[in-house]
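Take a moment with the sequence and the model below. Then follow this short tour, one feature at a time.

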Amino acid sequence: MNTGVQAKILWVDDEIELLKPHILTLKNRGCQVDTCNNGYDAIDMVTEQPYDMIILDEMMPGMTGLETLPLIKDIRPTTPVIMVTKSEEEDIMDKAIGSKIADYIIKPVNPSQILLLVKKHVQSQQLVTEQTTADYRAEFGRISQMVDSASTFGQWTSIYRKLVGWEIELAQSSDESIREVLQYQKTEANQAFCRFVCRNYQNWINSRNEDTPIMSHTLMRSKILPVVDANSKTTLLLIDNFRYDQWRAISPMLHNYYNVAVDENYCAILPTATQYARNAIFAGLMPLAIDKLMPNKWLNDNEEGGKNMYEEDFLRRQLQQCGKDYRLSFDKLVRPEAGRKLIDNIRRVYDADFSVIVYNFLDILSHARTETEIIRQLTEDDASFRSLTRSWFEHSELFILLKMLSERGHTVIITSDHGTVRVDNPIRVQGDRETSSNLRYKTGRNLAYNYKEVYEITKPEQIQLPSSNLSSSYIFAYNHDFFVYNNDANRHIRYYRDTFQHGGISMEEMIVPFIVLQPKVLL
């Protein structure tokens, strides 16, 4: 055992004098051990001070261990209690386990058993942390090599998934320095990813080859419709602003209801913003093509009106072009009460061959984090934002809906139109009144900026984007950057720094989860 960590133990046994050699062994290993010989004193001692672990004899005169146990748990519900018994009789152990013992051992006790229990129940978090830290240090070099050699979107997906996995593994680590190393490596990887996107994006958009990833405008035909064709009932759940790490946060809660058949990623188009990416998914077209073919259903950034009002129309048009005659249901849930209303009218989802549910709540949560101080404090970093996502999901109508769909045998596709990234580095730009307001991309005709700090597209048609006028251009922010105007820049920096934004180029925004769930319960 690591002698540098102090474990404070209470040992309760009516024959405690006979256990002095064992107690001495624990003390020699760095533990502090208090003792008593009856349940009444144990209750008093537990009331007066906390312990890391309690060892409790099951058979004691006066008040037995089984009688003492629930009283201890009332006072210290999270303290692990180890029951020591002479008997393995099933009814005794059922009572003990029902009273939430952490473990039990059979007399005669030997010192190695006790040491193992201390490691298991007191020092497990530290031991896990130490091992996880060692594992990541060993992996650091391999990830760096992957970053240096990555030349395809698939390879970048593997890098991002590894980094997210380590973020989750190390989130509870007490070693702050190793988390800083991981954050540094992720930032370096994101910078390299941005350079990779700048080199390849125009080719992806304008020519199809084996290295071109599945993107927003090809997602429906390439990934979604084959799943619909292969299953009798399919529900597409498109959660706005949903990142891969957030999927990892909620996926354990779905284990009892679904098997994960597909866990992949696709590439969101630029700008990684709802107006562009989600319309591209449902239309199966890049924004420039939507504007040309259906000009009355596309609004540029500088035009007033809703920018995503025709998603169902776009989807029905694409299905018709693909020769699909599914019974379709389409719902867009913007507020929690809309989720409750859908659950009350779930029959149309059940009856459809292909049901589509657009869920906007995570987008609202991201904006609330910017605008509401208390949510901002609750989500100071990516780990806490994942935690908030998990808490929200656990109590949401969305979770209820997913359980209902599992019971009805629906295959479920979970994806998003783009992710979101926490921004902290301001980049100054200038523009006129008609310049778009998004913090991660700008479009307009009189943009002034340092071209070295942005991905600039002076001819929007080169990446299949519409122009509000002949001289419009686009610029995109990299990594954790965000755009601020020179006017009142300091106020904007204070307000938006460390908020979650989307529209630009980062692994978090562009590498989007694509999950297919098969129900465990079929009718």
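## A helix with two sides

Lys-341 and Asp-344 in α14 are exposed, with exposed meaning over 50% relative accessible area, buried under 20%, and partly exposed in between (1.4 Å probe, protein chains only). Helix α14 covers residues 336–344, and its buried residues are Gly-339, Leu-342 and Ile-343. These three span an arc of only 100° around the axis, so they sit on the same side of α14. The arc is taken over the directions from the helix axis to the C-beta atoms. Lys-341 and Asp-344 are on the other side. In general, an α-helix has 3.6 residues a turn, so residues three or four places apart point the same way.

This is a predicted model: local features need pLDDT of at least 70, side-chain atom pairs count only at pLDDT 80 or more, and totals for chains, interfaces and linings use all residues. Residues are numbered from 1 along each chain as its sequence is written, and side-chain values use heavy atoms, leaving out hydrogens and water.

## The whole chain

The chain holds 21 helices and 18 strands. Both are DSSP runs, numbered from the N terminus: helices are H or I with at least four residues, strands are E with at least two. Of the 523 residues, 54% are buried. The C-alpha trace spans about 90 × 55 × 40 Å along its principal axes.

Now take Gly-419, in the loop between β10 (411–415) and β11 (421–423). Gly-419 and Pro-513 are 94 residues apart along the chain, but their C-alpha atoms are separated by 8.9 Å. Gly-419 is buried, at 0% relative accessible area.

## Aromatic rings

The model has 23 aromatic pairs. Rings of Phe, Tyr and Trp (its six-membered ring) pair if their centres lie within 6.5 Å; planes under 30 degrees apart are stacked, over 60 edge-to-face, and the rest tilted. For Tyr-160 and Tyr-244, the centres are 6.3 Å apart and the planes meet at 55°, so this pair is tilted. Tyr-160 lies in helix α7 and Tyr-244 in helix α10 (residues 244–250), so the pair ties together parts 84 residues apart in sequence. Both Tyr-160 and Tyr-244 are buried.

Six residues build one aromatic cluster: Phe-153, Trp-156, Phe-193, Phe-196, Tyr-201 and Trp-204. Rings also meet charges. The charged end of Lys-8 sits over the ring of Tyr-51, 5.4 Å from its centre. Here, NZ of Lys or CZ of Arg must be within 6 Å of the ring centre and within 35 degrees of the ring normal. Lys-403 has its charged end over the ring of Phe-399, 4.3 Å from the centre.

## A pocket and a cavity

The second largest pocket has about 310 Å³ of space. On a 1 Å grid over the protein atoms alone, a pocket is an open set of points with protein on both sides within 12 Å along at least five of seven lines, a cavity is a set where a 1.4 Å probe fits but cannot get out, and lining residues have an atom within 4 Å of a point. The pocket is lined by 13 residues; Glu-167, Arg-179, Gln-183, Asp-381 and Ala-383 are the closest to its centre. Two or more lining residues come from each of α7 (153–170), α8 (176–206) and α18 (382–394). Helix α8 gives the most, with five.

A search of the whole structure finds one cavity of 30 Å³ or more. The largest cavity has a volume of about 50 Å³. Its lining includes Tyr-276, Asn-300, Glu-434 and Ser-468.

Which kind of peptide bond runs from Lys-107 to Pro-108? It is cis, with omega near 0°. Pro-108 is in the loop between β5 (103–106) and α5 (111–121). Another cis bond joins Leu-270 and Pro-271, with omega about -10°.

Asn-241 is not a glycine, yet its phi is positive, about 70°. This residue is buried, at 1% relative accessible area. Gln-464 also has a positive phi, near 60°. Gln-464 is partly exposed, at 23%.

Definitions and conventions: Points joined across faces, edges and corners; volume = space filled by probe spheres on them.
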